[in-house]
Protein chains: 2
Amino acid sequence: MKLELPRHTERFGSVRIHDIQRVVLLDSAGEGIEVEASVCSIPRSKIQEIERKMAIIIPVKDERLKVIEGVISAIPSECLIIVVSNSKRGKVDRFKMERDMIEQHVHYARRAIWAIHQKDHGVSKAFKEVGYPELLDDNGVIRDGKAEGMIIGMLLAKAAGKEYVGFIDADNYIPGAVHEYVKIYGAAFHLSQSPYAMVRISWAYKPKILEGSLYFSKWGRVSAVTNRYLNKLIASFTGFETEVVKTGNSGEHAMTIRLAEILDYKPRFAIEPYEIVNILEQFGGIVEPKYDEPMEAGVEIFQIETRNPHFHEEKGDQHLKDMLCDALSAIMSSSICPESLKKELQIELLKEGLQPRDNDRTIPSFAHVDAKLFLDLLVEYNAIHMFGYKR
Amino acid sequence: MKLELPRHTERFGSVRIHDIQRVVLLDSAGEGIEVEASVCSIPRSKIQEIERKMAIIIPVKDERLKVIEGVISAIPSECLIIVVSNSKRGKVDRFKMERDMIEQHVHYARRAIWAIHQKDHGVSKAFKEVGYPELLDDNGVIRDGKAEGMIIGMLLAKAAGKEYVGFIDADNYIPGAVHEYVKIYGAAFHLSQSPYAMVRISWAYKPKILEGSLYFSKWGRVSAVTNRYLNKLIASFTGFETEVVKTGNSGEHAMTIRLAEILDYKPRFAIEPYEIVNILEQFGGIVEPKYDEPMEAGVEIFQIETRNPHFHEEKGDQHLKDMLCDALSAIMSSSICPESLKKELQIELLKEGLQPRDNDRTIPSFAHVDAKLFLDLLVEYNAIHMFGYKR
């Protein structure tokens with residue numbers, strides 16, 4: 001793979017946020033990194049080394065089986081796939097259908113896939129026993145929400161001994177795009193100079209259907225607003241306006257486990273933008289840091305623009321409003337958000353007819369959780385389905 | 001890459017046509033081919049070995065630059081890319097724009113791309129001098145048509161010393177799909193047991209816009225009809241009905257140069273279906289063969305179904321009618337087409353309000369052409385643009 005070098009890097013305490021890097025070539029020869037004036041070449045063998053240490057988490061919620069199967073078939077065989085499902089389990093047990101599909105895929109593909117259902121009682125029991133009850137509601141069941149599913153997946157990736165964890169949405173129509181995301185994760189981690197790194201995907205285009213034909217729009221409206229306020233948050237400290245953040249709502253992203261386990265999270269659609277906010281909170285040098293090592297090593301955020309457009313299921317206006325509300329509320333509720341910016345955010349939300357969610361929970365990091373014990377408990381309670389030939 | 005094994009192979013003289021093989025995994029580890037009961041695994045290194053010996057030809061005709069650039073960026077860097085353009089060259093010289101785009105891409109990507117314009121006087125001059133005037137019209141200029149462009153590309157691939165040649169259409173919106181096509185070419189050639197092999201792509205789905213949303217249809221109507229009659233042609237000799245041919249109109253296909261140079265071609269949209277007809281004519285054992293070696297080694301046709309759907313520019317009803325007319329006329333005009341099938345084809349064409357093109361030219365094979373001399377002449381006449389670092 002060949003990537004542009006970032007033209008600009010914003011520094012904020014120990015945090016480095018690299019500006020967008022475009023993919024120049026999806027797949028290129030060459031052993032040994034060549035860095036030229038503006039492009040770097042990442043050898044395939046290096047990307048594959050990372051893939052062997054990476055788990056890919058696919059949060060699933062009632063997506064069509066054929067689409068999920070396409071996503072799975074595009075993920076390189078070295079990656080452990082962790083499917084965290086929150087699909088309906090009524091008379092038609094969709095999770096059973098998903099497992100059947102996975103079992104058939106694994107039979108032919110001979111690779112490792114783990115599948116777990118978010119609402120399984122064994123999962124909540126295991127969470128209580130390892131002392132991480134923050135994902136449970138008042139009835140002791142895991143809450144609905146993609147964020148909760150993502151955290152279950154990250155804990156399993158850690159338990160599997162993986163060093164990297166990447167997320168791929170289950171509703172992607174283009175297996176080739178999924179394949180590109182995973183290659184990008186590998187390439188960026190190989191470029192990273194810190195064990196605390198994050199890669200966020202920026203889509204080249206997000207095609208829409210306009211008057212019966214395809215129109216390739218560059219930015220979603222929600223993303224544009226979220227990015228603007230994340231950039232304002234940065235500017236409020238550096239004193240310089242910036243446009244560096246371009247992936248505030250990026251569902252497709254990846255982290256080193258060492259970074260993932262020390263971040264705090266927000267529920268629902270706030271999870272992706274809040275990751276950036278929390279990185280600024282913890283490592284931006286504004287408040288006293290909790291961890292020394294990442295302060296010294298630095299925390300790196302890569303933003304990579306794909307070659308592939310992003311075709312996914314359209315989820316409608318309410319979904320967009322929810323995303324916007326969650327994202328802006330997460331910025332507003334941050335301890336490092338200045339009063340003036342809070343006011344601006346409030347006005348923005350009002351303009352959209354939205355109320356800030358100012359009492360949203362924060363899900364604390366899982367650094368203290370014994371992930372291997374968590375996995376052992378899941379196995380004991382029959383709450384995890386392990387397909388394929390390695391554990 | 002992991003591919004299903006073909007469940008069925010149709011034999012016809014020295015020709016073997018394998019039934020559809022689905023892609024199980026886009027990208028998989030594993031050194032050494034493992035063949036299991038129903039799946040074979042092709043190591044990445046073996047695919048890359050083929051790519052180094054492969055030229056990818058992109059016939060271009062006024063497609064949007066951004067789309068062409070996406071296609072180019074998805075082709076592995078080892079492949080020589082040959083862009084054969086027939087774009088407009090008026091006040092706005094689109095071929096100049098295409099070259100500019102290629103030059104910029106090559107500057108960053110450091111790979112080899114050749115570009116040539118079909119209507120360049122140097123090209124027709126070179127054709128006359130190497131004794132292959134069949135592509136020229138009465139005024140001595142190369143005819144319009146994708147077939148002519150494809151043949152120019154194949155000659156250049158041969159001149160470059162390549163062993164394989166693959167075609168990719170320039171109007172593909174999904175770079176990830178293009179990448180899959182090239183990997184499929186490499187994987188299938190590696191599986192082939194003959195130096196006379198062809199790989200044809202079958203699309204998983206061809207999405208259409210229906211009432212404002214995407215509908216994933218399996219077969220184009222034209223393909224269904226073309227395939228039906230190609231299968232009838234086979235059945236008329238074997239005496240057994242068959243459905244083995246599923247890629248009659250496949251624009252995305254690849255051949256070994258040794259096969260490509262001994263085939264005769266038909267102009268326009270007949271080129272793809274006629275390749276199959278001509279293979280049956282030459283190597284089906286019905287008429288006296290012209291070449292002994294492929295009769296002994298066998299000629300293999302692979303048909304591989306992609307994981308990616310195929311999103312391309314919609315070209316309208318007239319385009320579909322032309323495709324159908326060209327394809328059915330090519331089958332009808334074959335020396336091995338029995339009278340009864342000719343009648344059926346005539347009725348089918350009439351039903352569609354079409355007239356058979358019964359006096360279509362055949363473009364003879366280029367086995368006798370001195371490809372290196374052809375290239376030398378193009379260089380001398382400044383009719384070829386070579387970008388990148390190797391010739």
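Modeller: Before we start, a salt bridge here is a side-chain nitrogen of Lys or Arg within 4 Å of a carboxyl oxygen of Asp or Glu, and the model we are looking at is a predicted one.

Colleague: How many salt bridges are there between chain B and chain A?
Modeller: Over all chains of this predicted model, the rule gives a count of 54 salt bridges. Of interest here are those that join chain B and chain A, and their count is six.

Colleague: Which residue of chain B forms a salt bridge with A:Glu69?
Modeller: A:Glu69 lies in helix 2 (residues 65–73) of chain A, and the pair crosses from there to a loop of chain B between strand 15 (299–305) and helix 11 (316–332). The closest N and O atoms are 3.4 Å apart, and the cut-off for a salt bridge is 4 Å. The partner in that loop is B:Arg307.

Colleague: Which element of chain B supplies the largest share of the side that touches chain A?
Modeller: There are 20 residue pairs in polar contact between chain B and chain A, with both residues at pLDDT 80 or more. Several elements of chain B each supply at least two residues of the side that touches chain A, among them strand 4 (21–25), helix 3 (94–109) and helix 6 (175–191). The largest share, five residues, comes from helix 2 of chain B.

Colleague: How much area do chain B and chain A bury between them?
Modeller: On the side of contact, 46 residues of chain B meet 46 residues of chain A. Carbon and sulfur atoms carry 57% of the buried area, and the area itself is about 3700 Å².

Colleague: What relation do chain B and chain A have to each other?
Modeller: Chain B is superposed on chain A, with an RMSD of 0.0 Å, by a rotation of 180 degrees with 0.0 Å of shift along its axis. In chain B, the C-alpha nearest the axis belongs to B:Gly176, at 1.9 Å from it. Because 100% of the interface residues of chain B are also interface residues in chain A, the copies meet through the same surface. The relation is that of a two-fold axis.

Colleague: What ipTM does the model score?
Modeller: Chain A averages a pLDDT of 92, and 95% of the residues score at least 70. For the model, the pTM is 0.93 and the ipTM is 0.91.

Key: Residues are numbered from 1 along each chain as its sequence is written. Chains are lettered from A and ligands numbered from 1 in the order in which they are written. Side-chain values use heavy atoms; hydrogens and water are left out. Contact means heavy atoms within 4.5 Å. Buried area is the accessible area (1.4 Å probe) that two parts lose on being put together, summed over both. A polar contact is a pair of N or O atoms within 3.5 Å; within protein, one must be able to donate a hydrogen and the other to accept it, and residues adjacent in sequence count only if both atoms are side-chain atoms. Helices (H or I, at least four residues) and strands (E, at least two) are DSSP runs, numbered from the N terminus. Copies are superposed by least squares on the C-alpha atoms of residues with pLDDT of at least 70 in both. pLDDT is the predictor's confidence in each residue, from 0 to 100.
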